[in-house]
Amino acid sequence: MSILAILLTYIFINNFILVQFLGLCPFIGVSKNSENAIGMGVAVTFVTAITSVICWAVYHLLLVPFHLEYLETLAFILVIASLVQFVEMFIKKMSPPLYKALGIYLPLITTNCVVLGIALINITNQFNALQSFFSGLAAGLGFTLAIILMSNIRERMDYKPVPKAFKGMPIAFVSAGLMALAFMAFDKSLLTNLHLV
Amino acid sequence: MSEKKNHLMEFTKGFLKENPTFVVVLGLCPTLGVSTQVANGIGMGLSALFVLFFSNILISAMRKVIPDSIHIPAYIVIISALVTLIQMFMQAYLPSLYSALGVYLPLIVVNCIILGRAEAFASKNGILDSALDALGMGLGLTMNLTIISLIREVFGAGTITLFATKNWDGVIHIPVLNQYPVRVMTLAAGALLLMGYLFPLFHKIIAKKESK
């Protein structure tokens, strides 16, 4: 699979939130205003891109030689948890303003399904290190795209008359459902039409 | 008597009052991801129940030993060890369910319900209460998954897929819906829309029950 095909696949065709349902909790929880949504999106993209490569390395350089493939879940979650902690410390030291903006989202990322999901999907798809990096990046960008769109919808919804029973969470789900319908327009034929497969 | 009632409360709160999906709104990813067939929904619910039950017991038993500063990594290691166990078990004995659940099975590790219960309940309460809490929450989750997957499969495909036995493939066909299924229900969009409509319904039921 070429790099461009991977990017298109994970940003649009297999968008993690709207097609694969990974990372729904932060998608619903942190999308109330667009500023937070951008912060969360950037933090997730940063972490998915790095963890994809490191998890790839751990799997192929550590688990495969010792025939410990069945420990992948355990190994990956430890890599992710420690990496998130490390990134948090690094940003805190290097760039306090960035830490101030992203700080509260970083601990949440450990339990974000997108991060562990893409690491496991990279292994299933037998991607190499470069492909893993770009699929991680694309997964993060797809998440960012969806959460920013969603936050804008929800900001506008504040001024619209919504039936009382649907206020808050339910209407967010209905709008996410309509967004997912729109995303169905992107499918595998996009790749064949662009001669990428 | 009041002691007994308290234990019962820990068990029953998972169904309505603190329903994991509709009230606490945690662990949505697997709930929506695997609920295209009833058998997958039940399988996912029971796997999560297993992990939740043992993680709650273990964490509750070790709550005085685990240092506070590293409690989250410690919980995650316990949970992922349990998930690895169930992954290997399922791969060996239920290979079809294993492939149907796919990436969502290892993702039980990051299911917010399990870590959430460990953090909010098992780290503060005794073993018996934690076990009951896990049973209630796990069965509540299984109930939600069964309802959601039943609606999605009946309307989306016109079938009800249960577990296959020796002389029955485990699929019930519903005559008319079978020929004219509402395809969107099996897709991502249908699941999200359905959640949007189940939410108010569920809260109405809870409100009615509480006003009684």
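The model is a predicted one.

To start with the meeting of the chains, 34 residues of chain A are in contact with 30 residues of chain B. On the chain A side, the elements that put in two or more residues are helices H2 (24–29), H4 (72–94), H7 (113–124) and H9 (169–183). Of these, H9(A) gives the most, with 9 residues. Sorted by class, this side of chain A has 27 nonpolar and 7 polar residues, and no charged ones at all.

Over in chain B, helix H9 covers residues 188–211, which makes 24 residues. The buried residues of H9(B) include Ala188(B), Gly190(B), Leu192(B), Met195(B) and Phe199(B). What lies over the buried residues of this helix? The cover includes H9 of chain A, along with helix H2 (28–33) and helix H7 (127–157) of chain B.

Then there is the largest nonpolar core, which has 108 residues. Helix H8 of chain A (residues 129–157) gives the most to this core, namely 11 residues. The residues with the most contacts inside the core are Leu24(A), Val114(A), Leu116(A), Ile79(B), Leu107(B) and Leu192(B). Leu192(B) also turns up among the buried residues of H9(B). As for Leu116(A), if its neighbours within four places in sequence are left aside, this residue is in contact with Phe76(A), Ile77(A) and Ile80(A), and across in chain B with Leu107(B), Val109(B) and Val110(B).

Conventions
Residues are numbered from 1 along each chain as its sequence is written. Chains are lettered from A and ligands numbered from 1 in the order in which they are written. This is a predicted model: local features need pLDDT of at least 70, side-chain atom pairs count only at pLDDT 80 or more; totals for chains, interfaces and linings use all residues. Two residues are in contact if their C-beta atoms, placed from the backbone, lie within 7 Å. Helices (H or I, at least four residues) and strands (E, at least two) are DSSP runs, numbered from the N terminus. Ala, Val, Leu, Ile, Met, Phe, Trp, Tyr, Cys and Pro count as nonpolar, Asp, Glu, Lys and Arg as charged, and the others, Gly among them, as polar. The expected span of a helix is 1.5 Å times one less than its number of residues. A residue is buried if 20 or more other C-beta atoms lie within 10 Å of its own, exposed if 12 or fewer, and partly exposed in between; C-beta atoms are placed from the backbone. A nonpolar core is a set of buried Ala, Val, Leu, Ile, Met, Phe, Trp, Tyr and Cys residues joined through C-beta atoms within 7 Å.
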